[in-house]
Amino acid sequence: MLVCSVMADNPPDYELADRIALTRPAQVKAISHPLRTTILQLLHERAATVTELAVAVERPKSTVAHHVDVLTRNGLLQVVRTRKVRAIEERFYGRTARMFYVAVEPSTASKDLPGDFNDFEVAARESVKAFEQGKLWGFIRHARIAEHQASQFWERMAELVDEFDRMPRSGVTTYGFAIGIYPTDHPTLPTAE
């Protein structure tokens, strides 16, 4: 059961479910495009019109309208309110959930399921300027742990991501927050004799 909750002083400014499972390949494909991911991230703060989103991402309104339509058709966005501006009804779009997670069962018969994009590649690109300005804070650690421990750790990280998403938007600087856990080929010491 999905629970709708919005804290009065926390983003966004409309009601939405906490989590929604993406169960169709088209939904996963919809979130696999970097511009659509950026649109979803912007809407964590507040509902916005296509015009506002186009200004924020510095893309043509027609391009943004197409991506908003893809997200809406796949149940990731919805119109949360409207207002009349002259003779035109302006639509404000919002996310349908704070967090989307993939619950699609991979099938060898279906080639429709796209691969996910690398969030760390995006973070690396975004963080270059902060690194050059001496404002990049980060850690990387390696540990030999069991897969179930990695899963448990991931659940705790997801809670931290949720806390970050719910923080009131009050500053003038937008901060990126990258977090993850992944298997590596990092060297290990041989077993002690």
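Analyst: We may begin with Arg36, which has its place in helix H2; helices (H or I, at least four residues) and strands (E, at least two) are DSSP runs, numbered from the N terminus. This is a predicted model, in which local features need pLDDT of at least 70 and side-chain atom pairs count only at pLDDT 80 or more, whereas totals for chains, interfaces and linings use all residues. Residues are numbered from 1 along each chain as its sequence is written, and side-chain values use heavy atoms, with hydrogens and water left out.

User: How far is Arg36 from the nearest side chain of opposite charge?

Analyst: Side chains of opposite charge can pair when their charged atoms come close. Lys and Arg count as positive and Asp and Glu as negative, while His and the chain ends are not counted. A salt bridge requires a side-chain nitrogen of Lys or Arg within 4 Å of a carboxyl oxygen of Asp or Glu. Arg36 is buried yet has no salt bridge, and Asp69, the nearest side chain of opposite charge, is 9.1 Å away. Buried means under 20% relative accessible area, exposed over 50%, and partly exposed in between (1.4 Å probe, protein chains only).

User: Which side chain is joined to Arg36 by a polar contact?

Analyst: A polar contact is a pair of N or O atoms within 3.5 Å; within protein, one must be able to donate a hydrogen and the other to accept it, and residues adjacent in sequence count only if both atoms are side-chain atoms. The side chain of Arg36 makes such a contact, of 2.9 Å, with that of His67. Contact in the wider sense means heavy atoms within 4.5 Å. Not counting residues up to four places away in sequence, Arg36 touches Lys29, Ala30, His66, His67, Val70 and Leu71.

User: Which residues of H2 are buried, and what covers them?

Analyst: An α-helix has 3.6 residues a turn, so residues three or four places apart point the same way. In H2 the buried residues are Leu35, Arg36, Thr37, Ile39 and Leu40. Their cover includes H1, H3, H4, strand E2 (77–85), E3 and E4.

User: How many residues does the largest nonpolar core have?

Analyst: A nonpolar core is a set of buried Ala, Val, Leu, Ile, Met, Phe, Trp, Tyr and Cys residues joined through side-chain atoms within 4.5 Å. The largest one here has 28 residues, and Ile39, Val64, Val68, Leu76 and Leu77 have the most contacts inside it. At least two of its residues come from each of strand E1 (17–22), helices H1 (25–31), H2 (34–42), H3 (50–57) and H4 (61–73), and strands E3 (88–95) and E4 (97–102). Leaving aside neighbours within four places in sequence, Val68 is in contact with Ile39, Val50, Leu53, Leu77 and Tyr93.

User: How many salt bridges are counted, and which residues form them?

Analyst: The rule gives five salt bridges. One of them joins Asp18 and Arg98, whose closest N and O atoms are 3.8 Å apart. Asp18 lies in strand E1 and Arg98 in strand E4, so this pair ties together parts that are 80 residues apart in sequence. Asp18 counts as partly exposed at 23% relative accessibility, whereas Arg98 counts as buried at 2%. Arg46 and Glu52 form another, at 3.2 Å between the closest N and O atoms. The side chains of Arg83 and Glu90 also meet in a salt bridge, at 2.6 Å from N to O. Glu90 is in strand E3, and Arg83 is partly exposed at 46% relative accessibility.

User: How many aromatic pairs does the structure hold?

Analyst: Rings of Phe, Tyr and Trp (its six-membered ring) pair if their centres lie within 6.5 Å; planes under 30 degrees apart count as stacked, over 60 as edge-to-face and the rest as tilted. The structure holds two aromatic pairs. Trp137 and Tyr175 are stacked, at 6.2 Å centre to centre and 15 degrees between the planes. Trp137 lies in the loop between helix H5 (119–132) and helix H6 (147–165) and Tyr175 in the segment after H6, so the pair ties together parts 38 residues apart in sequence. The ring centres of Phe164 and Phe177 are 4.8 Å apart with their planes at 25 degrees, so this pair is stacked.
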